[in-house]
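Good morning, colleagues. Please have the sequence and the model in view while I speak.

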Amino acid sequence: MEMSYNFTKVIFSFLTIIALAQSAPTPSPPQASNTNTNTNYIRNKCRTATYSKLCYQTLYPYASFVQTSNLNLCNAAVTVAIQGVRSANKTIFNFANQKGLSKMDMAALRDCKSDMRDAVSELKKTNSALKRLKGRDRQFQWANAKTYGSAAESDIESCRDGFAEKKKISAVGLNIRSSLLLVEQRISNALYLINHLY
Ligand SMILES: *[C@@H]1O[C@H](CO)[C@@H](O)[C@H](O)[C@H]1NC(C)=O
């Protein structure tokens, strides 16, 4: 008896909720519509990027930080690139700790460790330059941001090339190269957004 009463009550409140939802078109809360504006902004900016889908996928979580600021979007893109490098770095260190690596793989992994360190440092410099764009030397800082970003891209390439010179690439090499591909695409997107800042 008790159970059936509760059950009726639940059904009744459920129907009430449905009825209310249908009768009153609830305005979306300001937070939600604001977020929509911001994610649409990111979608538009990413539309023409080389890796457009990746651009949006990696950047929309930053919508509330980005708002509709070109500069914030660039900062977020560089941050996302740094995270990509750090995750590739983890993969590289994990492989480097494996036993039974070939001499060539060991050497390539060793070079990659410093390439990853350099790439993170260049990307941090990129973000610092972007933060100085509001000053009088804007053109200079903008050029710096592009230069540092490109340098980070070269660091990633140089790690990748360490595995490319061999006739037959190892399983380790294949793994590293595929994890670097996404990192390069993140950096490339960041550079695209920086190039189109103004
Ligand atoms: C790469 O990973 C190692 C090991 O976790 C860490 O010590 C090093 O600081 C990392 N380097 C970068 C650039 O994140």
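In helix α3, L54, C55 and T58 meet Q185, R186 and N189 of α8; two residues are in contact if their C-beta atoms, placed from the backbone, lie within 7 Å. Helices here are DSSP runs (H or I, at least four residues), numbered from the N terminus. This is a predicted model, in which local features need pLDDT of at least 70 and side-chain atom pairs count only at pLDDT 80 or more, while totals for chains, interfaces and linings use all residues. Residues are numbered from 1 along each chain as its sequence is written.

The two helices pack at an angle of about 85°, with their axes 10 Å apart; axes are lines fitted to C-alpha atoms, for helices over the stretch in contact, and angles run from 0 to 180 degrees between N-to-C directions. That makes α3 roughly perpendicular to α8, a term covering angles of 65 to 115 degrees.

Which residues of α3 are buried? In this helix, residues 52-59, they are C55, T58 and L59. A residue is buried if 20 or more other C-beta atoms lie within 10 Å of its own, exposed if 12 or fewer, and partly exposed in between. The three cover an arc of only 90° around the axis, which puts them on the same side of α3; the arc is that of the directions from the helix axis to the C-beta atoms. On the face turned away from that buried side, α3 carries the exposed residues K53 and Q57. An α-helix has 3.6 residues a turn, so residues three or four places apart point the same way.

I turn now to the core. The largest nonpolar core has 44 residues, of which A77, A81 and A190 touch the most other members. Such a core is a set of buried Ala, Val, Leu, Ile, Met, Phe, Trp, Tyr and Cys residues joined through C-beta atoms within 7 Å. Helix α5 (70-96) is among those that supply at least two residues, and α5 gives the most, with twelve. Leaving aside neighbours within four places in sequence, A77 is in contact with L59, N189, A190 and L193.

Next, α7. Its buried residues include Y148, E153, D155 and R160, and their cover includes α6 and α8.

Finally, consider Q67, in the loop between α4 and α5. Q67 has a positive phi of about 55° although it is not a glycine. Most residues other than glycine have a negative phi. Q67 is partly exposed, with 13 other C-beta atoms within 10 Å.

Terms used
Angles under 35 degrees count as roughly parallel, over 145 as roughly antiparallel, 65 to 115 as roughly perpendicular and the rest as oblique.
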